[in-house]
Amino acid sequence: MAKRVAIIDIGSNSVRMVIYEKVSRFAFHLLHEEKSKVRISEDAYKHGGALQETPMQRAFDALSDFIQISNSFKTNKLFCVATSALRDAPNKKDFLQKVKKELKLNIKIISGEKEAYFGGIACANLLPMQENALSIDIGGGSTELAYIDKNNVSHPLSLKLGTVRLKELYFDADDIEGAIRYIDEQLQMLPAMKVETLIGIGGTFRAISSSIMKRETYPLNKLHAYEFKVTHLQEFIEELLDAKSNKELKSLFINSNRFDVIKPGTLILQRLIKKINISKVITSGVGVREGVYLSDLLRNSKHKFPHNYNTSVRYIIDSHIKDRQFSNNLSLLAKKLFDLTHEYFGIDYKYRYNLALAAKLYPAGSSVHFYSQNKHTYYLIKSALEFGFRHHDIMLIATLTKYAKNKLPSSTHLQLYKKLLPKEQITKTLSFLLSLSIALLSHRPRNLDFELVFEKNTLHVNSSKKLYLAKEAVLKLECEHNSFSVKF
């Protein structure tokens, strides 16, 4: 697999490019992202799907700059895929040939089912594991859906429903009833299946999710894996569709560049929710581009990561942790301490993984600056622990690293992230266990050179060594459990 890969996605609304860099076999991160709202399908649906000259030229100019950007990053591969607008265009050959001749770029037009599948494998691999979920990607010319159960993707489906298509055929003529009839007719093609979770892909869904997030003053600035109740979505959809002016759309936190297409996309979403009974909604920050990348990266493993593998964790370790032995020892010790004390402290076993991972990633921030290690590890985890985690898990792991070593999480921090963190006592106890792990490894042994025994509220640390630094560090720790003690 090439080290650097560029993916260009030509949609009906926008042309987008991402550049990914591999850091180890299956670990990667985003190097660059670019977007141009060329609207290649503008006025096409009024002319039988034929692409018009001005939009085609905009797309051509954007692609020319994208290729230059890709070259500047010295990418090893460049994939360019096109979806609905080019799929449907009777004059697509004119555009394809011009791009190939003048830009030396081969554009691959993918089928609607392939587009749905690419979006599905991106969600299956890069979101927290979902069961009985349906992904929906509302584009400018079409809407793609796929059924996702754990890491399996099936029933890819493409419907001729899109924001620009509906705008030009129905909304511009103020024929909303006609749009509803057309949407409902298309949705009849959706097979009967059990769906509990709706996964939203694409610009329309991200715009709606972002608006809901702002209205709720959500504490974490991260759209990918943002979850909310379907009732919140239904309420917001009603308000959005009832908005009478751009001023009202703006008051709902909709960006001005979406004013003309947000209602058609929202109507598609509303009709789908009326058709299927879902209980939860999750936002995906990944889609076709990531699916194209993963289909190449994971081509020899059935488009799935190895069991219990997380690409974001691996990226942070590969890029920011120099002493892997210490990182592994810290994680091992944190698990030992948890196993010995979690019943005493009354902490659910499900938090063991969060604590162990916080311990493993704790050293990452020192790669940026040693004296502000905690701050940088906290920031790295909040931003770069991107794929495969719920926001609750990301925030807990980040919080544990922020306050590790000698103090407990502040009341201000706990209050700010109250929606995402466990009960205060649980967070503080997990923080103490991480700090205790760091303290006991103050002398940084290559392997654990002591044994732990927990009995009668006391943790006994038995070693043939004096562990002078460890004793000193343990004395500095804050612990709200007054009856708990550590004895060397």
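Predicted model: local features only at pLDDT ≥ 70, side-chain atom pairs only at ≥ 80, totals over all residues.
Colleague: Which residues make the contact between H8 and H10?

Modeller: On the H8 side they include Val230, Leu233 and Ile237; on the H10 side, Ile262, Leu267 and Ile273 are among them. By class, this contact has nine nonpolar, three polar and two charged residues.

Colleague: What makes H18 and H19 roughly antiparallel, then?

Modeller: Helix H18 (residues 424–440) and helix H19 (residues 468–475) pack at about 155 degrees. That value is over 145, so H18 is roughly antiparallel to H19. Their axes are 8 Å apart. Leu436, Ala439 and Leu440 of H18 meet Ala470, Ala473 and Val474 of H19. The contact of H18 with H19 has six nonpolar residues, with no polar and no charged ones.

Colleague: Turning to the sheet, what makes S8 and S10 edge strands?

Modeller: Strand S8 (152–159) and strand S10 (227–229) each pair on one side only. The sheet is open, has six strands in the order S8-S7-S6-S9-S11-S10, and shows mixed pairing. On average, neighbouring strands in this sheet are turned by 25 degrees against each other, direction ignored.

Colleague: How do you know that S7 and S8 pair?

Modeller: Two strands count as paired if there are at least two bridges between them. Strand S7 (residues 143–149) and S8 have six bridges, in the antiparallel sense, so they count as a pair. As one example, Tyr147 has Ser154 in S8 as its bridge partner.

Colleague: Which helices lie against this sheet?

Modeller: Helix H4 (residues 112–126) packs on the sheet and touches strand S6 (133–138), S7, S8 and strand S9 (197–201). The direction of H4 makes about 140 degrees with that of S8. H7 lies across S6, S9, S10 and strand S11 (280–283), at about 110 degrees to S11.

Colleague: Why does Thr197 count as buried?

Modeller: Thr197 has 5% relative accessibility, and the limit is under 20%, so it counts as buried. Thr197 is in strand S9. Among the residues Thr197 touches are Gln130, Leu134, Lys280 and Ile282.

Colleague: Why is Arg215 called partly exposed?

Modeller: The relative accessible area of Arg215 is 38%. Arg215 lies in helix H7 (residues 203–215). Leaving out residues up to four places away in sequence, Arg215 touches Phe236, Glu239, Leu252 and Phe253.

Colleague: What makes Pro90 exposed?

Modeller: Pro90 has a relative accessible area of 61%, which is over 50%, so Pro90 is exposed. Its place is in the loop between helix H2 (84–88) and helix H3 (92–103).

Colleague: Which residues does Pro90 touch, not counting those up to four places away in sequence?

Modeller: They are Gly48, Gly49 and Ala50. Pro90 and Gly48 are 42 residues apart along the chain, while their C-alpha atoms are separated by 8.1 Å.

Methods:
Residues numbered from 1 in each chain as written. Heavy atoms only, no water. Helix = DSSP H or I, 4+ residues; strand = E, 2+ residues; numbered from the N terminus. Buried < 20%, exposed > 50% of the residue type's maximum accessible area, 1.4 Å probe, protein only. Contact = heavy atoms within 4.5 Å. Nonpolar A, V, L, I, M, F, W, Y, C, P; charged D, E, K, R; others polar. Axes fitted to C-alpha atoms, helices over the stretch in contact; angles between N-to-C directions. Parallel < 35°, antiparallel > 145°, perpendicular 65-115°, else oblique.
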